[in-house]
Amino acid sequence: MESTQLETRLGHTFGNAALLQQALTHRSHSSLHNERLEFLGDSVLNCVVASLLFERYAKIDEGDLSRLRANLVKQQSLYEIAQRLELSQFLRLGEGELKSGGFRRPSILADTLEALFGAIFLDAGFDAARDVIRALYIPILETVDPKTLGKDAKTLLQEYLQGKKIALPQYNVVATHGAAHNQEFEIECLVPKLDIQVFGTGGSRRAGEQAAAKLALEAVLTVFVKTPTAAKKAKPRTAQLKLAGIATIQPDAPQETGKAAKAAKSESKKADKPEPVKKTAPVAKEPNKEQSKELIKEQKELLADIEEVKSVTANQSKTA
């Protein structure tokens with residue numbers, strides 16, 4: 001296919017066509033291949049994506065920006081962009097790679113895309129490379145949720161299930177297709193509690209698991225959207241009315257068992273016991289007038305008796 005179509009898709013026309021040809025050439029094709037351009041393009045790509053994230057997410061710190069950038073420039077992300085550009089139609093591969101399906105291999109497509117960025121940088125400078133990369137990545141950033149901070153599908157699925165207290169998903173290799181050096185893995189992802197079973201494919205086991213996890217996460221979210229979690233019911237408790245020191249269990253209150261029942265029984269016994277009555281000293285009543293007269297009379301008689309006893313005692317002493 002004519003390389004001009006690729007230039008149109010990239011939004012850049014090469015002044016030096018040789019740079020474009022070199023960027024599209026795999027090492028299996030000739031000695032003038034794209035690996036050095038790939039090295040250069042990788043650095044340009046990281047710089048431009050870092051700048052985009054810095055401008056777009058003003059409230060995200062350095063660590064989270066780094067994780068998000070790593071997710072955007074990794075092989076899988078580059079491979080997806082290369083597929084949208086239909087880059088496989090323009091690759092220059094050796095016979096061995098052509099026969100083994102190298103034009104479909106994610107690593108080759110991702111590396112070639114980075115080489116193109118390096119070639120554009122050499123052909124027209126940094127601003128031209130930045131414009132091409134921005135045009136390819138801005139639509140992607142429109143769909144990125146900064147809350148996930150570039151976490152992959154497996155991590156997101158695991159965290160979501162843990163948040164719902166559901167067992168972690170199970171991944172199984174169902175089948176492998178293709179030659180040993182160019183296998184495609186079919187991976188099964190199971191979430192038994194939700195009766196979810198999905199299948200993903202990839203050029204490696206890890207890529208297959210990521211593809212399956214992405215489908216499983218979508219299925220899990222769909223389940224919870226259709227059947228939202230019911231509101232949590234209030235914990236049952238024994239209602240008690242304390243009237244005249246008696247604890248009465250309401251008929252609609254569920255009965256407790258085990259330790260809770262013993263504790264409730266103990267509390268009930270405590271409630272049954274009447275509070276002890278505190279003894280207080282008797283309050284002396286004030287005597288009325290009649291009583292006062294009698295008291296005075298008795299006191300006088302008592303004093304007279306004392307004086308009489310004293311007198312008798314004194315006389316006895318003198319006689320002795």
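Student: In which strand is the place of L190?

Tutor: This is a predicted model. The strand in question covers residues 184–191.

Student: Leaving aside neighbours within four places in sequence, which residues is L190 in contact with?

Tutor: Contact here means heavy atoms within 4.5 Å. With neighbours within four places in sequence left out, the partners of L190 are P169, Q170, N172, I196 and Q197.

Student: What separates the C-alpha atoms of L190 and A213?

Tutor: Along the chain, L190 and A213 are 23 residues apart.

Student: Which residues of α9 meet α10?

Tutor: On the α10 side are E209, Q210, A213, K214, A216, L217, V220, L221 and F224. By class, the contact of α9 with α10 has eleven nonpolar, one polar and three charged residues. From α9 come A153, K154, L156, L157, Y160 and L161.

Student: Now α3 and α7. Are they roughly parallel or roughly perpendicular?

Tutor: The axes of α3 (residues 35–56) and α7 (residues 106–124) come within 6 Å. They cross at roughly 80°. Angles of 65 to 115 degrees count as roughly perpendicular. So α3 is to α7 roughly perpendicular.

Student: How many residues of the contact of α3 with α7 are charged?

Tutor: From α3 come L37, E38, L40, G41, D42, V44 and L45. From α7 come D111, E114, A115, F117, G118, A119, F121 and L122. Nine residues are nonpolar and two are polar; the charged ones number four.

Student: How do the axes of α5 and α7 cross?

Tutor: These axes come within 8 Å. The two helices are therefore roughly perpendicular to each other. The contact uses Q75, L78, Y79, I81 and A82 of α5, with P106, S107, L109, A110, L113, E114 and F117 of α7. The crossing is at roughly 80°.

Student: What volume of space lies in the largest pocket?

Tutor: The largest pocket is lined by 50 residues. Closest to its centre are K74, Q76, S77, E80 and K214. The space within is about 1600 Å³.

Student: Which element supplies the largest share of that lining?

Tutor: Elements that each supply at least two lining residues include α4 (62–73), α5 (75–84), α8 (126–143) and β3 (196–202). The largest share is nine residues, and it comes from α5.

Student: How many residues of the lining of the largest pocket are polar?

Tutor: By class, 17 lining residues are nonpolar and 13 are charged. The polar ones number 20.

Conventions: Residues are numbered from 1 along each chain as its sequence is written. This is a predicted model: local features need pLDDT of at least 70, side-chain atom pairs count only at pLDDT 80 or more; totals for chains, interfaces and linings use all residues. Side-chain values use heavy atoms; hydrogens and water are left out. Axes are lines fitted to C-alpha atoms, for helices over the stretch in contact, and angles run from 0 to 180 degrees between N-to-C directions. Helices (H or I, at least four residues) and strands (E, at least two) are DSSP runs, numbered from the N terminus. Angles under 35 degrees count as roughly parallel, over 145 as roughly antiparallel, 65 to 115 as roughly perpendicular and the rest as oblique. Ala, Val, Leu, Ile, Met, Phe, Trp, Tyr, Cys and Pro count as nonpolar, Asp, Glu, Lys and Arg as charged, and the others, Gly among them, as polar. On a 1 Å grid over the protein atoms alone, a cavity is a set of points where a 1.4 Å probe fits but cannot get out, and a pocket is an open set with protein on both sides within 12 Å along at least five of seven lines; lining residues have an atom within 4 Å of a point. Grid points are joined across faces, edges and corners, and a volume is the space filled by probe spheres set on the points.
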